[in-house]
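Hi there,

Here is the structure I promised to pass on. Have a look at it in your viewer first, and then read on for what turned up in it.

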Amino acid sequence: MNIYTVLFFLQIPNQHNAGTRSHQPAVFRMAMLDTDLDHILPSSVLPPFWAKLVVGLVAIVCFARSYDGDFVFDDSEAIVNNKDLQAETPLGDLWHHDFWGSRLSSNTSHKSYRPLTVLTFRINYYLSGGFHPVGFHVVNILLHSGISVLMVDVFSVLFGGLQYTSKGRRLHLAPRASLLAALLFAVHPVHTECVAGVVGRADLLCALFFLLSFLGYCKAFRESNKEGAHSSTFWVLLSIFLGAVAMLCKEQGITVLGLNAVFDILVIGKFNVLEIVQKVLHKDKSLENLGMLRNGGLLFRMTLLTSGGAGMLYVRWRIMGTGPPAFTEVDNPASFADSMLVRAINYNYYYSLNAWLLLCPWWLCFDWSMGCIPLIKSVSDWRVIALAALWFCLIGLICQALCSEDGHKRRILTLGLGFLVIPFLPASNLFFRVGFVVAERVLYLPSVGYCVLLTFGFGALSKHTRKKKLIAAVVLGILFINMLRCVVRSSEWRSEEQLFRSALSVCPLNAKVHYNIGKNLADKGNQTAAIRYYREAVRLNPKYVHAMNNLGNILKERNELQEAEELLSLAVQIQPDFAAAWMNLGIVQNSLKRFEAAEQSYRTAIKHRRKYPDCYYNLGRLYADLNRHVDALNAWRNATVLKPEHSLAWNNMIILLDNTGNLAQAEAVGREALELIPNDHSLMFSLANVLGKSQKYKESEALFLKAIKANPNAASYHGNLAVLYHRWGHLDLAKKHYEISLQLDPTASGTKENYGLLRRKLELMQKKDV
């Protein structure tokens, strides 16, 4: 059978389309394009199964080193501190909260609405039995591998077109091109943030359903005589639904509808932009007879896509609310520039930086804000050259996509540019302000377009040069170097210390990099080194209130109270609603015996954050120091109402009531606390002391023993149990626990004194017996 009797070529008739002028069979022309790459990829790996297997394994190898990494950077807020992952939170709350677990209606919400991504985190949490990062990382690696495998089919469409057998099976007419492009995608180092950082799952899931939506839209154009007249409408609607799913994973997903429209108009409808523009300029009457404009099917599909997109945006707008997300100048300084020219220049410079990350993904950084990229304030800045280079290349590609007489070249370049530009639009600052300068994660989908253009470039270069082995060596070199870079970069994402330090060489002027290194060092107890990095963060950004707050906290712990007060006072001047800084300022003022100022600072903190249990706890400590016992108890009670597991507040209430002789009330509070926090040994100890004073020796003994079992090295636990036995008359047991307590803490004067009394009593008893 002749191949031309087997194939069904999808074309919408258009007598005025320049792309239909050539009578060369499409199969032959695509085979010529693919043959240009035959010296790079051997025929043994071209069958679809083996091609997908190779791509999937290569993708896993690139990022496998991240499988046992920690939760790093944004993972802490989006996963570890996100109550939406825990079973106690109703599933329905996911649909009213943002990606970080905050209510969408809150003024502090970033409005990132990704409930399906959070749902996968919740499933991970359930299956892993807690916050065990291995399970989360493995899912990300497998998702990237699966997406890379799916890319073989996507690139097959982009390079080979939609051509089917008589049985309706799509033909892979560009196996080499699709395999090479999929390999380039699988090993691109710019993907590391999405794969190695668990929060990158939003981009991975978005990409997965984005590509499924695109492939589903492609299925609307296969021959459907046996499936009924409504088969194509079904696939269009399914594509819109998958686009909505992609948007519920990450906002970028909605752009697939625009890409599908471009694909339909320019590829399926063979709409020649240059020809139409020429006809409009010359007022050509034949424009009225264009097949595309008379094609009811195309108009119907465009109506479906437009209605679907409008519906998605409306529903999201209703859920999110009308208020835009709140970003600060340090997040995206260009968007706060007064001059429109300065904003335009810097936005375009950011585009060129994104393009450079695709071309040369060697300088990668987890964060590009806070001085990492200084603003361009004049056209005399040498960085303007980057803008010119970017637009020179883009305009050249656009001209080729519009003006080339080769219809297949036009199609490949158009789709490559479409995949490069359309998914990037939400991050472009064109429609709304975004909360970052440059973010590698947003390049996951645009890199598809980059891989199309690069593969096409290699094919064109091979066609016009005799040094084909050199081209092959370059391609293989790029693949190998990118794989190596992925492995190295994945290892840097395994821990926060490696990740933050890797950014110093890329963005030494980024205050957030120094802040995060300082915070990491402080968490590990290295306060001296942490102070150095916090000071550098404040030097680079004198308005960095979080660095001031953390530095003030460390200085407070080191009893450098004067400087701590100055830093915290400056922080609340810069950001008057910074509740944590107000509370810490109150703690410092309390230590300086400035009680009225401390109380005012605590009250201000609570004013800006009404549900602030730690602040109520510290306010209670202030009142206790001032012997305002009723106010102290009320403050601590407020802390436990807001945070029932606040052990310190419960303990302080029990101890204060005990010390003031209110044993019955102290016992009631202790029992209430243990019902809420049954395994807290400090609460057991405090309640045991109260019960002992109330002569409930048996119950007190049981609680002491339970507390000691939970914390056997606490000298005070053994010492107080010994006192209980001493009172109770169990002198041998008292002697045993006094001795254990003194072994653990030989300097405890009270225990020494009580032990001495016991020994004298035992000696007197022995003399009486004699």
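Let me start with two phenylalanines: Phe73 and Phe366 are both buried, where buried means under 20% relative accessible area, exposed over 50% and partly exposed in between, with a 1.4 Å probe and protein chains only. Before going further, please note that this is a predicted model, in which local features need pLDDT of at least 70 and side-chain atom pairs count only at pLDDT 80 or more, while totals for chains, interfaces and linings use all residues. Residues are numbered from 1 along each chain as its sequence is written, and side-chain values use heavy atoms, with hydrogens and water left out.

**Aromatic pairs**

Over the whole structure, a search gives 25 aromatic pairs; rings of Phe, Tyr and Trp (its six-membered ring) pair if their centres lie within 6.5 Å, and planes under 30 degrees apart count as stacked, over 60 as edge-to-face and the rest as tilted. Phe73 and Phe366 make one of the edge-to-face pairs, at 4.7 Å centre to centre with 80 degrees between the planes. Phe73 is in the loop between helix H3 (48-63) and helix H4 (75-80), and Phe366 in the loop between H15 and H16, so this pair ties together parts that are 293 residues apart in sequence. The helices here, like any strands, are DSSP runs numbered from the N terminus (H or I of at least four residues for helices, E of at least two for strands).

Phe73 is worth a look for its backbone too: its phi is positive, near 50 degrees, although the residue is not a glycine. With a relative accessibility of 16%, Phe73 counts as buried. Lys593 also has a positive phi without being a glycine, at about 65 degrees. Lys593 sits in the loop between helix H25 (579-591) and helix H26 (595-608) and is exposed, its relative accessible area being 61%.

Tyr217 and Phe221 are both buried. Their rings form an edge-to-face pair as well, 5.5 Å centre to centre and 70 degrees between the planes. Ring pairs also join Phe71, Phe99, Trp100, Phe121 and Phe136 into a cluster.

**Helix H5**

How far apart are the end C-alpha atoms of helix H5? They are 20 Å apart, which agrees with the 20 Å that its 14 residues (115-128) should span at 1.5 Å a residue; the expected span is 1.5 Å times one less than the number of residues. After H5 comes Gly129, with a positive phi near 75 degrees.

**Cysteines**

The search of the whole structure finds 1 disulfide, that is, a pair of cysteine sulfur atoms within 2.5 Å. Its partners are Cys372 and Cys507, with sulfur atoms 1.7 Å apart. Cys372 is in the loop between H15 and H16 and Cys507 in the loop between helix H20 (496-504) and helix H21 (511-523), so to speak two distant parts of the chain, 135 residues apart. Both Cys372 and Cys507 are buried. Cys486 takes part in no disulfide, and the nearest cysteine sulfur, from Cys62, lies 4.4 Å away. Cys486 is buried at 0% relative accessibility, whereas Cys399 is partly exposed at 37%.

**Pockets and cavities**

Both kinds of space come from a 1 Å grid over the protein atoms alone: a cavity is a set of points where a 1.4 Å probe fits but cannot get out, a pocket is an open set with protein on both sides within 12 Å along at least five of seven lines, and lining residues have an atom within 4 Å of a point. Grid points are joined across faces, edges and corners, and a volume is the space filled by probe spheres set on the points.

The second largest pocket has a volume of about 1,100 Å³. Its lining has 36 residues, with Tyr351, Ala355, Leu390, Leu394 and Leu420 nearest the centre. Helices H15 (340-359), H16 (384-403), H17 (407-421) and H18 (446-463) each give two or more residues to that lining, and the largest share, 11 residues, comes from H16. By class, there are 30 nonpolar, 5 polar and 1 charged residues, counting Ala, Val, Leu, Ile, Met, Phe, Trp, Tyr, Cys and Pro as nonpolar, Asp, Glu, Lys and Arg as charged, and the others, Gly among them, as polar.

There are also 3 cavities of 30 Å³ or more. The largest cavity holds about 50 Å³, and its lining includes Tyr347, Tyr351, Asn354, Phe436 and Val442. That lining divides into 10 nonpolar, 2 polar and no charged residues.

Best wishes
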